[in-house]
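Trainee: I am new to this structure. Could we go through it by question and answer?

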Amino acid sequence: MESAATAQALSRIGLAGLAVMGQNLALNIAEKGFPISVYNRTNSKVDETLDRAQREGQLPLIGQYNPRDFVLSIQRPRSVIILVKAGSPVDQTIAALSEHMEPGDTIIDGGNEWYENTERRIIEANSKGLLYLGMGVSGGEDGARYGPSMMPGGSHEAYTNIKDILEKVAAQVEDGPCVTYIGEGGSGNFVKMVHNGIEYGDMQLISEAYDVLKNAGGLSNSELADIFAEWNRGELESFLVEITADIFNVKDEKTGNGELVDKILDKTGMKGTGKWTVQQAAELSIAAPTIAASLDSRYMSGLKAEREEASEIFKKEGLNEEISSDINGAVVDKKRLIDDVRQALYASKICSYAQGMNLLKAKSGEKGWNLNLGELARIWKGGCIIRAVFLDRIKKAYQRNPNLSNLMVDPEFAREMVQRQAAWRRVVGLAVQKGISVPGMSASLQYFDTYRRSRLPANLVQAQRDYFGAHTYERVDMPGAYHTEWSKLARNARV
């Protein structure tokens, strides 16, 4: 038994992995009044974190320099958060720490991990009597320090052990902290992955709004900054729209000429969560065209040298990058274009979120996770990258109808889609006329148009499949599966 004095000196929780996210989350936990032990394989990172803890308010943070001392400095049942690079570094860290842990202790992986790796680790941890959580953390460096959105999944007992800490550390919104127990297994990681897929879609749609306003509307960076700032005061109010307004205002300090945004290479990086989202959508037969278009756009952006070459080849053939001739030769009405793009962006975003929610619903059904979609929308209202005011309305839509087949058919959202569809079509149409690619907005519009049509040309595709592969088809007027000898009947018809 520990003496009361020793127990007093022990930390409430531990955190291993002190890159910026780890440091910031540890400082956040300490600042909320929970003594924390920290550890990193390189000692300098531990010293750096201790130094910050002193400077940022003499926070109750204790540095440890080896796995054993680190684990033993935490009160039982121990809870240890690890924030290291996904994949094998997580396994190595778990191996180093679990050697000194006891049954009933908990490991919480706070990285962007593939959900099946978490499910494997849950089984491995359980075999040693350890509890395990895979916890998505969103909000970037600032979120980690001042209040992220957190998505813990796995052992419910492990969650209850640290619930008080997570609820204090999370971003706070009017209806509670931005954290909730997500569900069993790898559900927390899966939800964070889909969050990132929605984020890909959001960022792509905003970049298309910028492209149309700049290249079809001729707007300057300072005008764009004002427009996005204004949009951030209305229905589009969100973290991504807010930072976009900021970006257009930042000058290029290196040259002193113009804004920095114009000097940035148009080649987008990625870490892989967007690709995982699209792969999962395909596995589950869920259409996610907006998210897929955003991923394709990142791939296309990577072909910078090829695109420059193609631009020159097509110019020689008489096709400039910006196709200036409007079909009617009309001049673009700036004021109307700005309002149209606002409406198109909003309607497209609804489609992107609808696709993400459908993917979550399908996976939840497959795995028996029993995900609460309204509660997920609620914890995304603060702290995370996709935080937006309209998430409150998504939360309410799922509260009204937890079995909602698609966000677009919620009565409120359906009305908004209908009100905005004319403006949306004008924006996509104008972009097509001018040769400005809007894959995300187009994909969203096609998703909306396909979903709202009671009859699609899929009947012809089924006829083709039956013609060449005898795959059979169903009829609209009688039950059963049918096969037709198409080529024989077609020959007879020609006679």
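Predicted model: local features only at pLDDT ≥ 70, side-chain atom pairs only at ≥ 80, totals over all residues.

Mentor: Let us start with one of them.

Trainee: How do the rings of Tyr447 and Tyr451 pair: stacked or edge-to-face?

Mentor: Their ring centres are 6.5 Å apart. Their planes meet at 15°, and planes under 30 degrees apart count as stacked. So the pair of Tyr447 and Tyr451 is stacked.

Trainee: In which helix do Tyr447 and Tyr451 both lie?

Mentor: The two are four residues apart, about one turn of the helix. In an α-helix, residues three or four places apart point the same way, because a turn takes 3.6 residues. The helix that holds Tyr447 and Tyr451 is α19 (residues 439-452).

Trainee: Is Tyr447 buried or exposed?

Mentor: Its relative accessible area is 10%. Buried means under 20%, so Tyr447 is buried. Tyr451 has 38% relative accessibility and counts as partly exposed. For Tyr447, the word is buried.

Trainee: Which residues do ring pairs link into a cluster with Trp114?

Mentor: Here ring pairs join several residues into a cluster. Besides Trp114, the cluster holds Tyr115, Phe190, Trp276 and Trp369.

Trainee: Which ring does the charged end of Arg298 sit over?

Mentor: A charge over a ring must be within 6 Å of the ring centre. The charged end of Arg298 is 3.7 Å from the centre of its ring. Arg475 gives another case, over the face of Tyr482 at 5.9 Å from the ring centre. For Arg298, the ring is that of Tyr200.

Trainee: What distance separates the end C-alpha atoms of helix α20?

Mentor: Helix α20 (residues 458-469) has 12 residues. At 1.5 Å a residue, the helix should span 16 Å, and the model agrees. The end C-alpha atoms are 16 Å apart.

Trainee: What phi does Ala470 take?

Mentor: Most residues other than glycine have a negative phi. Just after α20, Ala470 takes a positive one. Thr472, in the loop between α20 and β10 (473-474), also has a positive phi, near 65°. For Ala470, phi is about 50°.

Trainee: Where is Gln58, whose phi is positive?

Mentor: Gln58 has a phi near 45°. At 63% relative accessibility, Gln58 counts as exposed. Its place is the loop between α3 (43-55) and β3 (61-64).

Trainee: What is omega for the peptide bond from Arg76 to Pro77?

Mentor: Most peptide bonds are trans. This one, however, is cis. Pro77 is in the loop between α4 (67-72) and β4 (79-82). Omega is near -10°.

Notes. Residues numbered from 1 in each chain as written. Heavy atoms only, no water. Expected span 1.5 Å × (residues − 1). Phe/Tyr/Trp six-rings, centres within 6.5 Å; stacked < 30°, edge-to-face > 60°. Buried < 20%, exposed > 50% of the residue type's maximum accessible area, 1.4 Å probe, protein only. Lys NZ or Arg CZ within 6 Å of the ring centre and 35° of its normal.
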